[in-house]
Structure formats: C-alpha cells, structure tokens
Amino acid sequence: MEYFTLNNGIKMPMAGIGVFMMSPAEAESAVESALKSGVRLIDTANGYMNESGTCRGIKKSGVAREGIFLVTKLWPTVYEKDTAVDETLKRLGTDYIDLLFLHQPTANWREGYRQIEKAYKEGKVKAIGLSNFPNDLLSEAIETMEIKPQVVQVEAHPYFPQTELKKILAETGMGLMAWYPLGHGDKTLIEQPVFGELGKKYGKTNAQIILRWHVQSGNVVIPGSKNPDHIRDNFDIFDFTLTDEDMAEIAKVDKGVRYYTATPEMIAAYQTMELKEDL
C-alpha cells in the first residue's frame, strides 16, 4: 500500500472501497470482503444509509479497528444537530472516525463545519474533509475556519482531472479523494486506446491502469464494487509504476467533462432530505 500524509501528519491509504448505492446488507458483504482482501480504507456516509451495515462488515472481517481508516460524511439535515457526530459513531460502532466530511455545501455548511471542528478537538474525528465543495467555498473554509480541512472529496478521473483544484491543494497540503474514479463505469472512458496499450505493457486491465494513474497523480481512490474478484482487482495496483511518458499520454485524455453537477435546486433539496437507515 502507498499512503498520503495529510497536512496534520496523519497517513491515509491511497486506495480503498466506497459503498455508495449499496444496501446495508450489500455494504456489509462488500466491506467484509474488502478487508479480508487487504483493503484498509472504507468510505461510507450518513446519506448512503448503510453505516450500520458497514459496521457489521468491519466486525465480521476480524480486522482490528485501529488497522482501518474509516471515512464517513455528515448529511446536511444534521449539520446543526449537536448529537450528529455521536449518532454517526454509534451507527458505525466506533469511538472515533479517521476522516469526517461535510457531504454537500448547503447554506448551513458553516454550522456543520463547526460541529466537526468540535469533534476533532474532542478526539472523535482524526481529520476533517469537505465533499463536493466548489473551489470558492473550499477557499473560504481554508481562509476562515479555525481548523483547516485535510481532504476534499470530488469527482475526478482522466476526463476531468481537477486541474484547477489541484493548484489549491498544492498550496495547502490537502489531499484529494476521487469519486467516480473510473468515470462512473463509462466504457468510452475506460476503453480509451491509451489504457488498453498500457494494460498490455504492464499486464493489467484498463481499470487498473486508470486507478494507478490516480494514485500517481496523488489521488486517493475509492472504487465501489460488490464483487469480491473486482474488489481484489481494484486493489492490485501497487506492483507497477507508470512512467512519466505514460502519465503524459494519459493527460491527453482530459476533456474537461464531468458526469455529475449539482444544480441549485438539488443543493436546496439536500438541506431538507431526511434520512432513514434501513437496518
């Protein structure tokens, strides 16, 4: 495994598994399988409504809690709730979270950030992150909040490598965690000729080449899968290194195209969308 050192000194694995769009039972199975395969970073969220399933998967794996880098996110409807972090800890069956994000930049995100800062000071949270925040709000958080964020989680892949955001992160020592690292499974992206050519060169799949590109670009990746074989394949990217020439060829794939953009109407809806975890 390779690691990214956060700006507060904590080391985070560069690859893990995300459980977005999984039921609690599916998350339980995927997390157990991932941990037994050697994965040590798990990414979930209040909004995924599978934190309890993630907890069960961790316990069934037999891997000690201190050996796992556990990531979750507060949903906007609990940003101003004093018990939000404690309730998240209870669902996850742990007394601390390695990295806690604010999930969406709704109007009350500043109150939510102060909740995480408080939990950070109390030792309930080891690192603070912002998920899906545009660059202007990210810059505001960096400039005005007492505790500077350590990680930002955003859509990133060869079609949209987050070039402008990377300039901000380089100045602050913040890490980037990439969701949709394989372009939401878009075959047009995955089957770009450069990935097939490099796959043949290194004896890897196109997806493994893309994930390795992420790691060498400094991105932490959290591809989701419920298939144990795919989980193992997604993690099998640390036995080879792309050359500078390889990386330059992949850079030519950049189209400035993303797969998801939240509209103002969607952001407003997030602030009223109540969650109910199906246990």
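The model is predicted, so local features need pLDDT of at least 70, side-chain atom pairs count only at pLDDT 80 or more, and totals for chains, interfaces and linings use all residues. Residues are numbered from 1 along each chain as its sequence is written, and side-chain values use heavy atoms, with hydrogens and water left out.

Helices (H or I, at least four residues) and strands (E, at least two) are DSSP runs, numbered from the N terminus. Buried means under 20% relative accessible area, exposed over 50%, and partly exposed in between (1.4 Å probe, protein chains only). In strand 5 (residues 69–74), six of the six residues are buried, so the strand is largely enclosed by the rest of the structure. Phe69, Val71 and Lys73 point one way, and Leu70, Thr72 and Leu74 the other way.

Strands pair if DSSP finds at least two bridges between them. Strand 4 (residues 41–43) runs parallel to strand 5, joined by three bridges. Strand 5 also pairs with strand 6 (residues 99–102) in the parallel sense, over four bridges.

Rings of Phe, Tyr and Trp (its six-membered ring) pair if their centres lie within 6.5 Å; planes under 30 degrees apart count as stacked, over 60 as edge-to-face and the rest as tilted. The count comes to seven aromatic pairs. Two of them are tabulated.

| Pair | Centres | Planes | Class |
|---|---|---|---|
| Phenylalanine 20 and tyrosine 48 | 5.2 Å | 50 degrees | tilted |
| Tyrosine 202 and phenylalanine 240 | 5.2 Å | 40 degrees | tilted |

Phenylalanine 20 is partly exposed at 47% relative accessible area, whereas tyrosine 48 is buried at 14%.
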